[in-house]
Amino acid sequence: MENKSQQKQSLIPTFLYTFNFNRIRNQGYHESHGVPGKKLNPNVLAASPNEDGRRKIEMYSTTYYGACTFGGIASCGLTHMTVTPLDLVKCNMQIDPTKYQSISSGFGVLLKEQGIKGFFRGWVPTLFGYSAQGACKFGFYEFFKKYYSDIAGPEHAAKYKTLIYLAGSASAEVIADVALCPFEAVKVRVQTQPGFARGFSDGLPKFVRSEGYAGLYKGLVPLWGRQIPLVTKNEASSC
């Protein structure tokens, strides 16, 4: 039974969730946020499926930031793409509330006019845009969290941990929304203006020809106004 258990392989790449527990045990303090803290109890450390120790993640290494970036792509890009039909109805309700009066009636209008395929119009810019946003949000959050902690020093970093995390989260979101905004602009135009374009590949050049590259960022400030308070509120509630 033990042999069978040891032969099982995780479906998740092990480098995404393993790191050097022995190094932390030897140092005797908690470095998960770059700030000295309470001593670790070795009994709460869970062994990963990769028990031979060949691949470990060092905190704040290139691999660590890469893993965070990958996690952002997987969690944001794929989930937003999955709910494209709901987002499509929402955008059309905002543009034409008379025609799209509710979510249920909105789905009925889309089904009647565009068929099932119409429910996923704009899925490509949604996938690309929110993958880019998630990559920047998760990756830069970890970067800024350590950067601000290093500036503050161990004592102040521990004392003002929540403020440092909020600043890191807001800073990362500023960059993440810059990455998202062009894709979001094309997505909304494709979803709410019938006949504008079939998708992202022909929608982007058509958008740039009509409004220029600056037009891709017309919605950046409102996007910041929506996203930055949201992510900082979520961060504050989790600290």
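**The largest pocket**

I began with the lining of the largest pocket, which by class has nine nonpolar, four polar and six charged residues. The classes I used count Ala, Val, Leu, Ile, Met, Phe, Trp, Tyr, Cys and Pro as nonpolar, Asp, Glu, Lys and Arg as charged, and the others, Gly among them, as polar.

Before going on, I noted that this is a predicted model, where local features need pLDDT of at least 70, side-chain atom pairs count only at pLDDT 80 or more, and totals for chains, interfaces and linings use all residues. I also noted that residues are numbered from 1 along each chain as its sequence is written, and that side-chain values use heavy atoms, with hydrogens and water left out.

Rolling a probe the size of a water molecule over the atoms shows where empty space is left. For a pocket, I took an open set of points, on a 1 Å grid over the protein atoms alone, where a 1.4 Å probe fits, with protein on both sides within 12 Å along at least five of seven lines; lining residues have an atom within 4 Å of a point. The volume is the space filled by probe spheres set on the points, with grid points joined across faces, edges and corners.

How much space lies in the largest pocket? I found about 390 Å³. Its lining is made of 19 residues, and those nearest the centre are Glu184, Ala185, Val188, Gly219 and Leu223. I then asked which helices supply the lining (helices are DSSP runs of H or I with at least four residues, numbered from the N terminus). At least two residues each come from α4, α7, α8 (200–211) and α9 (220–238). The largest share, six residues, is supplied by α7.

**Salt bridges**

Next I looked for salt bridges (a side-chain nitrogen of Lys or Arg within 4 Å of a carboxyl oxygen of Asp or Glu). The count came to nine. I also checked burial for the partners (buried is under 20% relative accessible area, exposed over 50%, partly exposed in between, with a 1.4 Å probe and protein chains only).

Asp87 pairs with Lys90, and their closest N and O atoms are 3.4 Å apart. The two are separated by about one helical turn because they sit three residues apart in helix α4 (residues 84–95). Asp87 is buried at 17%, whereas Lys90 is partly exposed at 34%.

In helix α7 (residues 161–192), I found Lys187 and Glu184 three residues apart, about one turn of the helix. Their salt bridge has its closest N and O atoms 3.8 Å apart. Lys187 is buried at 0%, and Glu184 is buried too, at 14%. Shared partners join Asp87, Lys90, Glu184 and Lys187 into one network of salt bridges.

I also looked at Asp150 and Lys146, whose salt bridge is 2.8 Å from N to O. Both lie in helix α6 (residues 123–159), four residues apart, about one turn of the helix. Asp150 is partly exposed at 48%, as is Lys146 at 27%.

**Aromatic pairs**

A pair of aromatic rings is described by the distance of the centres and the angle of the planes. My rule was that rings of Phe, Tyr and Trp (its six-membered ring) pair if their centres lie within 6.5 Å; planes under 30 degrees apart are stacked, over 60 edge-to-face, and the rest tilted.

How many aromatic pairs does a search of the whole structure find? It finds twelve. The pair of Tyr60 and Tyr65 is tilted, because its centres are 6.3 Å apart and its planes meet at 45°. Tyr65 is buried at 19%. Phe128 and Phe183 form an edge-to-face pair, 6.5 Å centre to centre with 80° between the planes. This pair links distant parts of the chain, with Phe128 in helix α6 and Phe183 in helix α7, 55 residues apart. I also noted a cluster of Phe140, Phe143, Phe144, Tyr147 and Tyr148, linked by ring pairs.

**Two single residues**

I went back to Tyr60, which is found in the loop between α2 (21–27) and α3 (62–82). Its phi is near 65°, a positive value in a residue other than glycine. Tyr60 is buried at 13%.

My last entry is Gly129, in helix α6. Gly129 is buried at 0%. Not counting residues up to four places away in sequence, Gly129 touches Leu180 and Phe183, where contact means heavy atoms within 4.5 Å.
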